[in-house]
Amino acid sequence: MKVLVIDPKIAGISGDMLVAALADLTGSGDLLDAVAGAIGELPCCEHFSYQLSDADAGGITAKKLAIDIGEKNHGTHEDMRESAGAVAKKIGLSATAQTRAGAIFNDLLYADGKLHRSGFHNHRMASVDTLFDVMGSLLILDKHGFLEGEIYGTPPVLGSGFTRIAGGEIACPAPATLEILCRHRTRYSSFPADQEMSTPTGVAIFANLAERIVDAYPPMTPLKSGYGTGSRTIQGRPSVLRVVEGTNFDAIQDRIIILETNLDDLPGETIGFAVERLREAGAVDVYVTTASGKKSRPVQILHIITSELAYPELMEILMEETGTLGVRILDVPRLVALRSKQTEKVIAGGREFTISVKTSTVNGKIIAKKPEYEDLKKIATILKVPLEMVKGEVLRQLR
């Protein structure tokens with residue numbers, strides 16, 4: 001499966017940086033010609049041209065986007081929606097990409113509308129420049145199949161200091177940027193740069209593309225990377241947005257919570273009862289391991305595997321039953337093979353039986369077939385033969 005990582009933890013994200021980075025990654029900057037042409041035909045646009053060139057960004061060669069515009073800014077939110085719809089249709093965005101475009105503009109217009117009650121107040125947001133950033137990014141993603149894969153993002157860095165708005169200066173982040181982050185509950189990161197590092201347009205695109213925010217890159221095989229830069233320079237850090245294409249196993253990506261605590265002063269009966277309560281309360285699994293603790297004393301480590309929703313209740317039970325003073329909480333990513341369940345007919349002892357079988361696959365290949373235990377038990381009971389004999393015969397037929 002195709003994977004894309006958008007990495008604004010380095011120097012933030014803006015619309016032009018994302019367009020440039022994607023063009024660098026895919027080598028398909030020529031796709032932007034269609035976007036520029038469609039924008040140039042809008043009634044509000046007198047002329048529109050762009051240039052994509054290489055630039056040095058703190059020691060890294062990155063693509064940089066320069067735009068020349070003659071326009072009358074969109075006067076109302078409806079004007080912007082109409083222009084976005086016209087451009088999307090003209091450049092042939094897929095239905096998926098058009099839905100993403102609509103969501104991005106909904107965020108931008110929501111933020112502007114909440115902060116300013118009448119018309120457009122943010123003139124940069126009302127510009128066709130915003131149209132180019134959104135539509136250009138989506139067209140490249142659409143044509144290269146990234147919207148059908150998985151898109152991850154690192155926490156966008158916001159910067160510090162002050163940024164200029166219509167009424168003067170305000171502490172970063174810009175109000176529109178903060179509104180969009182709040183709307184999506186998007187986690188961000190910080191860097192003490194005396195400037196705005198992530199813009200409303202960049203954050204709106206990012207929040208609607210990134211399906212998961214991660215601190216570290218997800219498990220994948222990296223294929224290639226691209227870099228985009230803007231007009232800012234950042235002291236002590238390259239001013240780049242990095243994007244990385246990769247591929248991963250065709251498996252279900254999941255997250256589990258693991259609770260752990262060390263127990264060195266409880267009898268086995270108490271630990272056993274705690275394990276029973278935790279399992280009855282819905283823990284996915286509970287197990288105990290032995291280790292050496294403080295002063296070389298033997299300790300029991302109680303492990304509980306659960307979900308993000310269920311762990312608070314299980315942690316309460318754990319503390320009630322064991323009296324432990326501290327619990328480690330581990331948020332762990334995992335890959336789970338695609339699983340399906342079907343019925344199959346098998347022959348055992350000269351008789352035909354129907355059993356349930358769980359089949360696990362990765363990348364379209366069957367990696368395991370497991371017959372249902374209760375069905376094997378039933379066959380063994382009917383035939384009055386050992387369970388392992390039935391299991392061996394059934395597995396031989398399934399293979």
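This report covers salt bridges in a predicted model.

## Basis

The model is predicted: local features need pLDDT of at least 70, side-chain atom pairs count only at pLDDT 80 or more, and totals for chains, interfaces and linings use all residues. Residues are numbered from 1 along each chain as its sequence is written, and side-chain values use heavy atoms, with hydrogens and water left out.

## Salt bridges overall

The whole structure holds 16 salt bridges. The term means a side-chain nitrogen of Lys or Arg within 4 Å of a carboxyl oxygen of Asp or Glu.

## Glu245 and Lys2

Glu245 and Lys2 form a salt bridge at 3.9 Å, N to O. Glu245 sits in strand 9 (residues 240-247) and Lys2 in strand 1 (residues 2-7), so the pair ties together parts 243 residues apart in sequence. Strands are DSSP runs (E, at least two residues) and helices are too (H or I, at least four), numbered from the N terminus.

Glu245 is buried, at 9% relative accessibility. Lys2 is partly exposed, at 31%. Buried means under 20% relative accessible area, exposed over 50%, and partly exposed in between (1.4 Å probe, protein chains only). Lys2, Lys224 and Glu245 are linked in a network of salt bridges.

## Asp215 and Arg187

Asp215 meets Arg187 at 3.0 Å, N to O, in a salt bridge. Asp215 is in the loop between strand 7 (212-213) and strand 8 (221-229), and Arg187 in the loop between helix 6 (175-184) and helix 7 (200-209), 28 residues apart. Arg187 is partly exposed, at 38% relative accessibility.

## Arg255 and Asp331

Arg255 and Asp331 form a salt bridge at 3.1 Å, N to O. Arg255 lies in strand 10 (residues 252-263) and Asp331 in strand 13 (residues 328-336), so the pair ties together parts 76 residues apart in sequence. Arg255 is partly exposed, at 34% relative accessibility. Asp331 is partly exposed, at 47%.
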